[in-house]
Amino acid sequence: MIRGIRVIPLSIALAIFLLPFAVPSPYMIAVLCFIAIYGALALGKAFLLEQAGVFSLGHPVWFVVGAYMTGIAAVWGAPPLLAVLIAAAVVGILAYLIGAPLLRLKGIYLICATFCLIIILEITIVNMGSITGGYNGLMNVPPLTIGGFIIKGDVSFYLISWALCLGMLWFFNNLLDSREGRALRASRDSEVAAMSMGVNIPQYKLKIFVITAVMASLTGSVFCFWVRYMTVEFGGFPLLVELITMIVIGGGRTLYGPLLGAFVVIWLREFIHTYIAKLLPQMTAEVDALFFGVIIVLILVFMPGGLTGWVEQCRDWVEQCRDKVKRAYSGRRVHERLPR
Amino acid sequence: MSLLSQILQYAIFGITGGSIYAVIGICWSLVYLITKILNFTTGEFIMLGGMFTWGLSALGMGLFPASVIAVAGTMVVAIVMERIAIRPVRHPSEMTYMMLTIALASIIEGVALLIWGAEPRKISPIFKTEVLHLGGATIAPQVLCIIAFMVTVTFGLSWFFNYTLYGKALRASALNSAGAKLVGIDIGKFRLFCFGLTGGLGAITGIVIAPITYTGYDMGLLDGLKGLMVAIVGGWTITGTVMAGLALGLLEGFCAGFISSGFKDVFPLLVMVIYLILSTYRFSWEGRKA
């Protein structure tokens, strides 16, 4: 084995990238594409919430601003790649300017303020109809072109979105072991202890806030070019509930948990749309949110660690069983250890 | 209309809205202080009150019996919610509770949408008299009902918390729940009581405001959020919440009148967020805090 290369993650990534050529089902590819986009969003949000300890609900804001900026820049005639960069830059600057004062708030106060941001953005976009298209949404987004080639079709966007998603996973994984990551983990466990070791907590939190915002904006750009249409209904409260569902189902303690959650939630949504929509004719995003709400409550009550927490419990249980078996077969050493 | 009567008119709008936000803010702080839960379903109780009443009057029931059943129904929803969803959570933290109540809010919203549909509904006002005129401005009688309701709630709760045994016990459990348990106060019962009270107050608010603002499945989120901001800015106290609520309402009224009615929700929320941020700084004129 070559040193420094992890075989299992690499082979999973390779399998994901080869999947569309092995399974030519357009429906499944499109759903998996959605999973990558939402998974990338949930990943960033879970990192912010669980690893960095910044209780910000503002993720839908950066997603929506990124998608709208990309769309508007492209509609006004900017080359698509430049539009993506413009959106990322605008979101980055905006996140820095808003985050610097906002992150002074702690706990529930930060939650409320970021919740307000979601509502404020929604109303602002609806009321700026001349630029954003108001309630009808931003129409006629031009297709993504790179160097004269028009990129369209679900397979190419599948590759782009999974590249983005896995890239983010890799980035966050490395970030956790870097200087910033260690500082953040220390500050999550005990802010006072970290500060007394000389960690500049506000600065690191702001840094991570801006980084996740820019990532959400990139996801928004990909989403906008794929759907080629953007409305506020893709963001806002329903998106927030979906992201929370993904994190709760997957379990936010691990990095891959939210991805797992996105996988479950999106397939569940497809299932709801195909089977339950026949029973209930008025299916909209809010009714989806009803089912997700039920799932969140059930999981928080019965399985607080989420799927990954459950897997870890199983692993612990297996290890305990193995220890018991070992002890049963080596009775002497156990007797020696007993009087402690 | 002269400028003065215009200002008066917007102030009346503002005070109406402000009274509503004050009551909602009091609902938030009731639950938050006793249970340390940010109950995001507070706004949905208002929606439920209005929608229950509309649904029952559409079935041919009178306004009064319909509203009594609506209030009772909302209280039952609130209590059942606390019992089957919030209490059994293991390892609770503020974040878990927040996710839980956001989920519950989206459940209530979805069910209301399925049962009653997406159109905004209107229920008839309590007094069907003509509008009153005051210095060139008009006042609907319902506005007086709303203000009277807010004043009753404020003074009633203040009396309850300061002069009755149960109110004092509630305040004790808000200050220190472990200590309250030690002197024999049943916190679990008080949690139920707080949720029930919040549900009832929210439902009455919904019934009182529905003739003016209309009621729809999606009204709970925005009104609830404004109530939360008011409660936070008011420092979780009744007096502070009422002051902050009236300030928010007046800001909203004047913003709708003089700036733009489309942005009337944005501007006050922005002011509240900025106030929250400013309150984290310590200014030189405040002196040293202990």
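Biologist: How many other C-beta atoms lie within 10 Å of B:Trp236?

Modeller: This is a predicted model, in which local features need pLDDT of at least 70 and side-chain atom pairs count only at pLDDT 80 or more, while totals for chains, interfaces and linings use all residues. Residues are numbered from 1 along each chain as its sequence is written, and chains are lettered from A and ligands numbered from 1 in the order in which they are written. A residue is buried if 20 or more other C-beta atoms, placed from the backbone, lie within 10 Å of its own, exposed if 12 or fewer, and partly exposed in between. B:Trp236 is partly exposed, because the number of other C-beta atoms within 10 Å is 17.

Biologist: What is the phi of B:Trp236?

Modeller: Most residues other than glycine have a negative phi. B:Trp236 lies in the loop between H9 and helix H10 (238-259) of chain B, where helices (H or I, at least four residues) and strands (E, at least two) are DSSP runs numbered from the N terminus. Although B:Trp236 is not a glycine, its phi is positive, at about 65 degrees.

Biologist: Which loop holds B:Lys36, another residue with a positive phi although it is not a glycine?

Modeller: The phi of B:Lys36 is about 60 degrees. B:Lys36 counts as partly exposed, because it has 14 C-beta neighbours inside 10 Å. Its place in chain B is the loop between H1 and H2.

Biologist: Why do the buried residues of H6(B) lie on the same side of the helix?

Modeller: Helix H6 (residues 165-175) of chain B has as its buried residues B:Leu170, B:Ser173 and B:Ala174. An α-helix has 3.6 residues a turn, so residues three or four places apart point the same way.

Biologist: How are H2(B) and H9(B) oriented to each other?

Modeller: Helix H2 (residues 42-58) and helix H9 (residues 219-233) of chain B pack with axes 7 Å apart, at an angle of about 130 degrees. Axes are lines fitted to C-alpha atoms, for helices over the stretch in contact, and angles run from 0 to 180 degrees between N-to-C directions. Angles under 35 degrees count as roughly parallel, over 145 as roughly antiparallel, 65 to 115 as roughly perpendicular and the rest as oblique. The relation of H2(B) to H9(B) is therefore oblique.

Biologist: How far apart in space are A:Gly39 and A:Trp162?

Modeller: In sequence, A:Gly39 and A:Trp162 are 123 residues apart. In space, from C-alpha to C-alpha, their separation is 9.4 Å.
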